[in-house]
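Subject: Model handover

Hi,

Here is the model I promised. Please read the notes below with the structure open.

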Amino acid sequence: MDFKKYIKAVGTGIKGNRDLSEKEIIDAITKILNKDVTNAQIGAFLIGFRVKLESDEELKACVKALKNFMTFYEVKDSIELGYSFDGRVKNPFLFPLYENILKDFYRKNSDIRRLNLVISTDKLQPAKIGMCAKDLTDELKTNEYVYTFDRQNYLKQLSDLTSLRHELGLRTVFNTVEKLLGVGKSEYAVTTAFHKPYVQKYINIFSDYFKQVTIVKAPEGSPEVFSDGKYWQKLDDKIIEKNFELSHYGINYDKVYENITVEESKKIINNPTQEILKLSKFNIALYLLFANRVDSLQEAWERLN
């Protein structure tokens, strides 16, 4: 189909806009990734699509289109951590600490089924300016439990749109769907939503590809908890919400950064305080719970300590 028809469908205005069918979305995203259309057309479509507000069905079709271009690497016994690609400025990254925590955990808890962590990385995407997970992957000295995958290798066509996305300077449909594309073929997945309407949306978009998708309330678009929060799971066709308070686990973290740098984050990782280590263990406890390795968050926490 002529790509201009897709632009018209999403960019005409309230009276003229319409939702695209699955076939149309897959064709449009395929043309974009293959660069069969001009950058001007890609930009017009992405902005119009975002302003129109993508339906859940359109988002699911976008995921299908992206998966058609992906190279997958199976990581057995794993949970995918859906980090945002658009940067963070207020908190350090904790994931480089997870490797040693999990090593120590499994030395003491061999009865628990193994859990590997899968993280996707890429260059910084819009709409914020900050650091991204890719900036910290070199801090992982081993990859026994934590696996990182560079999108330049497993989905180059999307990675190659980075410059264009920065020219637009706006969130697009890709920001919504790129966090949990299943590069490691994980059984379980966790990502984050700050606004509750996105809880149902993310579960609708990704639940076909995982045994269980968990949405956790965490800052800056990545499933790393730094304060009290909650998480949501779909159980028996209902969204169940559960709360947690860090003080119940002896954690009292109140550090706030205005604009943390990569170097500051590296220093924190290489010389972690006791509170940072506690936070990291608490996040591992959440992942163990989300992947059904333990019966409760309290059990995971006690086993980790």
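Ser280 is buried, at 0% relative accessible area (buried is under 20%, exposed over 50%, partly exposed in between; 1.4 Å probe, protein chains only). Ser280 belongs to helix α12, residues 274-290 (helices are DSSP runs of H or I, at least four residues, numbered from the N terminus). Beyond its neighbours within four places in sequence, Ser280 is in contact with Leu94, Leu97, Tyr98 and Ile101 (contact means heavy atoms within 4.5 Å).

A word on sources. This is a predicted model: local features need pLDDT of at least 70, side-chain atom pairs need 80 or more, and totals for chains, interfaces and linings use all residues. Residues are numbered from 1 along each chain as its sequence is written, and side-chain values use heavy atoms, without hydrogens or water.

Now the rings. There are 18 aromatic pairs (ring centres of Phe, Tyr or Trp, six-membered ring for Trp, within 6.5 Å; planes under 30 degrees apart are stacked, over 60 edge-to-face, the rest tilted). Tyr198 and Tyr202 have ring centres 5.6 Å apart and planes at 50°, so this pair is tilted. Both sit in helix α10, residues 197-206, four residues apart, about one turn of the helix. Tyr198 is partly exposed at 26%, while Tyr202 is buried at 4%. Phe3, Tyr6, Phe45 and Phe49 form one aromatic cluster.

Best wishes

Technical notes: Helices (H or I, at least four residues) and strands (E, at least two) are DSSP runs, numbered from the N terminus.
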